[in-house]
Structures are given as structure tokens and as C-alpha cells.
Amino acid sequence: FRFTPLLAPGYNPEMEFLIAGGFLLSFKTDPQDSLLPRSTLSATVSFGSVGAFNVATRFSSYWMQDRLRVRMDLSLKDMLDGYWGLGFDAGLEPTSNDSTTEYNRTWWAIKPAVLWAVRPNLYLGGLVDVNRTSATDVNPVMAADSAFVAGGPEILNTGLGVALEYDSRDVPNNAWSGLFLSWNAIAYGRTLGGDFTYQTVVIDYRQYLPLGRPGRTLAWQVRSRLSFGDTPWPELALLGSGYDFRGYREGRFRAPQTLSATVEYR
């Protein structure tokens with residue numbers, strides 16, 4: 001087992017200045033298998049200068065000579081947030097939060113997934129997504145928005161899905177080379193205990209190219225999220241998060257479908 005503690009200041013558009021504490025735990029489910037990726041458990045608790053509170057936990061594990069992969073994401077947020085409305089044009093103005101966009105969001109999500117190797121580097125499995133959003137202190141502009149009125153301030157979503165992944169990365173949790181391509185589809189419904197019936201499809205392509213000496217990597221990602229049916233406003237595709245356009249507030253751009261591309265040098 002390798003344990004790494006974390007305590008550091010930071011900044012992001014949603015929480016502004018923040019202090020984050022947590023840890024990273026890594027281990028091998030079979031220490032005798034030199035080719036088996038290290039499993040990881042990370043947990044972070046963040047407090048922001050605007051009164052924001054965020055908990056993020058991610059577990060990724062590799063079993064049976066990497067034939068079985070088990071993942072679990074747990075998230076919780078209680079923070080002052082922004083809602084610009086639907087579509088690209090709605091997110092253009094204002095460029096930061098003001099009295100027309102602000103509201104308070106309490107949100108939690110649980111997302112387990114289990115995948116089995118059906119071919120070398122090819123995995124097939126199932127996943128579950130349960131999440132809940134509660135919106136309070138809603139501003140008058142948001143309260144009159146048609147998408148918000150249709151969904152309401154309290155929303156529970158429960159979904160079951162299937163995942164197909166191709167993964168040739170050298171180190172899945174911190175890749176220097178290789179390719180990752182995934183497709184997952186989730187169906188949410190009232191029959192599963194949720195408040196709305198809709199479907200989502202996420203396509204994620206990432207590739208890593210070593211440049212010169214070890215440690216220098218050119219990485220790029222193309223990601224698309226598509227939603228269909230009676231999708232409530234919190235579950236529409238977003239741009240702006242720790243996983244895509246980090247400099248934009250999460251949810252500033254919100255739509256049934258999104259497509260983004262990112263290139264970074266490490």
C-alpha cells in the first residue's frame with residue numbers, strides 16, 4: 001500500500017479560493033503480478049471562499065490479471081452555483097455569476113461500474129447512476145426559465161447502463177502512452193425510482209503520445225455527451241468542469257448534446 005496525503009490551496013471558478021484536503025491510496029490486488037495496474041482510492045474534501053463544500057471520492061480497481069475492473073465514484077456538493085439556461089448563446093452573457101444566474105445547489109451522486117475483459121484491452125460491463133439535485137435561493141430569471149419550470153427544484157435520477165471500453169494505456173490512472181476509447185449508454189426511468197425518463201450516451205476518446213524523454217507527453221481528448229427524452233435541466237450535458245474546460249464555470253454551457261476537444265502537454 002502507498003498512502004499520499006494532500007493538503008493544498010487552490011482556485012476554480014465555482015468555489016473561488018479554496019483549501020483541499022484528502023489522500024491517495026494505491027495498491028495491487030495481486031502483488032505478485034508485475035503487469036497488473038495499481039488500484040487507487042482517492043478522496044478530497046474542499047472548502048471554498050464563497051461557502052462552497054465539495055467531497056469527491058473515486059475508486060478504481062483491477063483484479064484477476066486485469067480481467068475484471070471495478071470502479072466507484074461518490075460525489076457531494078453544496079455550493080452557490082450558476083444557471084445560464086439552455087444552449088450556447090445563453091452562456092455567452094454574463095461571463096460570470098450575477099443576480100440573474102445565481103442559486104444554491106446541493107447535489108450528490110453514486111456511480112458504480114463493473115467491467116470484464118472480453119478481448120485483450122477490450123472491456124464490457126454494466127454501470128449504475130443515482131443522483132439527486134436540490135436547488136434553493138433561486139433567482140427570478142431562473143425561476144421563470146422554461147427548462148427549470150419543467151424539471152423543478154428537486155430531482156432524483158436513477159439509471160442503469162452498459163459500457164464498452166478499449167484501453168491500451170500503459171498506466172490507466174496516469175498515462176504516458178496508449179489509447180482509451182469508451183462508449184456508455186444509460187437509461188433513466190420512473191420504473192427505477194427516478195423522477196424522469198430519458199437516456200444518455202457518452203463517447204470518450206483519449207490518446208497519449210510520448211515526446212522525447214520519459215515524462216513528456218502530448219495528450220488529447222475528444223468527448224461527446226448526448227441526451228434524449230425527458231432530460232431534466234441538471235442532467236443536460238455541461239461544458240466546464242475538472243474534466244474538460246477547466247477555466248469555465250461548470251454549467252455555464254448546458255445543452256442536450258455537447259462535443260468538446262482538448263489538447264494538453266504534460
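Student: Which residue in β2 stands opposite Pro 9?
Tutor: This is a predicted model, in which local features need pLDDT of at least 70, side-chain atom pairs count only at pLDDT 80 or more, and totals for chains, interfaces and linings use all residues. Residues are numbered from 1 along each chain as its sequence is written, and side-chain values use heavy atoms, without hydrogens and water. Strands are DSSP runs of E with at least two residues, numbered from the N terminus, and two of them pair if DSSP finds at least two bridges between them. The residue of β2 opposite Pro 9 is Ile 19.

Student: How many bridges join β1 to β2?
Tutor: β1 covers residues 2–12 and β2 residues 16–27, and the two run antiparallel. A hairpin of three residues connects them. The number of bridges is 11.

Student: In β3, what is the bridge partner of Gly 21?
Tutor: β2 is joined by 10 bridges to β3, residues 39–48, in an antiparallel arrangement. The partner of Gly 21 is Val 45.

Student: Which are the edge strands of the open sheet?
Tutor: The open sheet has 12 strands with antiparallel pairing, in the order β1-β2-β3-β4-β5-β6-β7-β8-β9-β10-β11-β14. An edge strand here pairs on one side only, and the edges are β1 and β14.

Student: Which residue in β9 stands opposite Leu 164?
Tutor: Nine bridges join β8 (residues 154–167) to β9 (residues 178–188), which run antiparallel. Leu 164 stands opposite Trp 183.

Student: Which strand gives the most to the lining of the largest cavity?
Tutor: On a 1 Å grid over the protein atoms alone, a cavity is a set of points where a 1.4 Å probe fits but cannot get out, and lining residues have an atom within 4 Å of a point. At least two lining residues come from each of β11 (217–229), β12 (237–239) and β14 (257–265). The lining includes Arg 223, Ser 224 and Arg 225. With three residues, the leading contributor is β11.

Student: What is the volume of the second largest pocket?
Tutor: A pocket is an open set of points with protein on both sides within 12 Å along at least five of seven lines. Grid points are joined across faces, edges and corners, and a volume is the space filled by probe spheres set on the points. For the second largest pocket this comes to about 180 Å³.

How values were computed:
Helices (H or I, at least four residues) and strands (E, at least two) are DSSP runs, numbered from the N terminus.
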